[in-house]
Amino acid sequence: THSPMLCLLLAPAALAAPTGAALIYCDPVGYEGRYFREACEARGVLLVRLWSTPYAAMLSEDLEDAEERAAIQRGCAPAAGEEAAWAESALSGMAITGVLCGSDAGLATAERLQHALVPARTNGLVPARRDKYLMHEALRTAGLAAARQSVARSWEEARSFLSTLPPPLRVVLKPRRGHAGLRVGLASSEPQARHMV
C-alpha cells in the first residue's frame, strides 16, 4: 500500500511595495537568477545585475556586433575606487543590502563591491581566497604544512622546478584560479607533466 500524498500549490505572493533596498548580482548567470529575481520582487528589493570585467570579456569575445559589445560594457561593475560614486548615481541613495555572485570569474569583483558598498557585511579583501598559490603561501606563513610549489609561466620554468623534486616524481599541476578540479592533474613523470601544461 502507498501512503497518501499531499500536494500543496501556492499562488505567487503579490509584489511587495519598493523598500528602497537593492541587492547587487554580479555575473547574473545560471538558473539561480530567476529565484533571486522572484525573491527580490516579492520583498520589494531592486535586483541590480552587473558584469565583472573578466566575464564581460568572455561574453564579448566572439561578438561581431559592436552594439552588443557596448551593451555588455554598459552593464559592467564600476572600477575599483568608483563604487560609491556609481552607487549614488545609479541607485540614487538606495540601501545596498548585499552582493551576490553567479560566476567564479566575478568573485573578486563581487568581493570588492561588497567591501566598498556594504562594509558592515564584508569579509575583507583577501586575494589568497581565490588564488591557489597565495593560499599555500598563507598556510606556510601561518606555520602550517604546505606543498612545495612554483608558478611556471613556461614549460622551461616548470621543468626547472620539477628537477628540484626528489624521486619518485609526483606533482600536481593546476591553474592558480579555478574550481571543481578543472585543468588539475597528477603527473608521475616529466613527459606526463609536459603533456598537462
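Student: Which residues have the most contacts inside the largest nonpolar core?

Tutor: First, the ground rules. This is a predicted model, where local features need pLDDT of at least 70, side-chain atom pairs count only at pLDDT 80 or more, and totals for chains, interfaces and linings use all residues. Residues are numbered from 1 along each chain as its sequence is written, and side-chain values use heavy atoms, leaving out hydrogens and water. A nonpolar core is a set of buried (under 20% relative accessible area, 1.4 Å probe, protein chains only) Ala, Val, Leu, Ile, Met, Phe, Trp, Tyr and Cys residues joined through side-chain atoms within 4.5 Å. Here the largest has 15 residues, and those with the most contacts inside it are Ile24, Val48, Leu50, Trp86, Ile96, Leu113 and Leu117.

Student: Which elements give two or more residues to this core?

Tutor: Helices (H or I, at least four residues) and strands (E, at least two) are DSSP runs, numbered from the N terminus. The contributors are strands S1 (21–26), S2 (45–50) and S3 (95–101), plus helices H4 (83–91) and H5 (107–117).

Student: What order do the strands of the open sheet have?

Tutor: Strands pair if DSSP finds at least two bridges between them. In this sheet of 3 strands the order is S2-S1-S3, with parallel pairing. S2 and S3 are the edge strands, each pairing on one side only. S1 and S3 pair over 6 bridges, and Ala21 has Ala95 in S3 as its bridge partner.

Student: Which strands does H4 touch?

Tutor: Contact means heavy atoms within 4.5 Å. H4 packs on the sheet, touching S1, S2 and S3.

Note on methods: Buried means under 20% relative accessible area, exposed over 50%, partly exposed in between (1.4 Å probe, protein chains only). Axes are lines fitted to C-alpha atoms, for helices over the stretch in contact, and angles run from 0 to 180 degrees between N-to-C directions.
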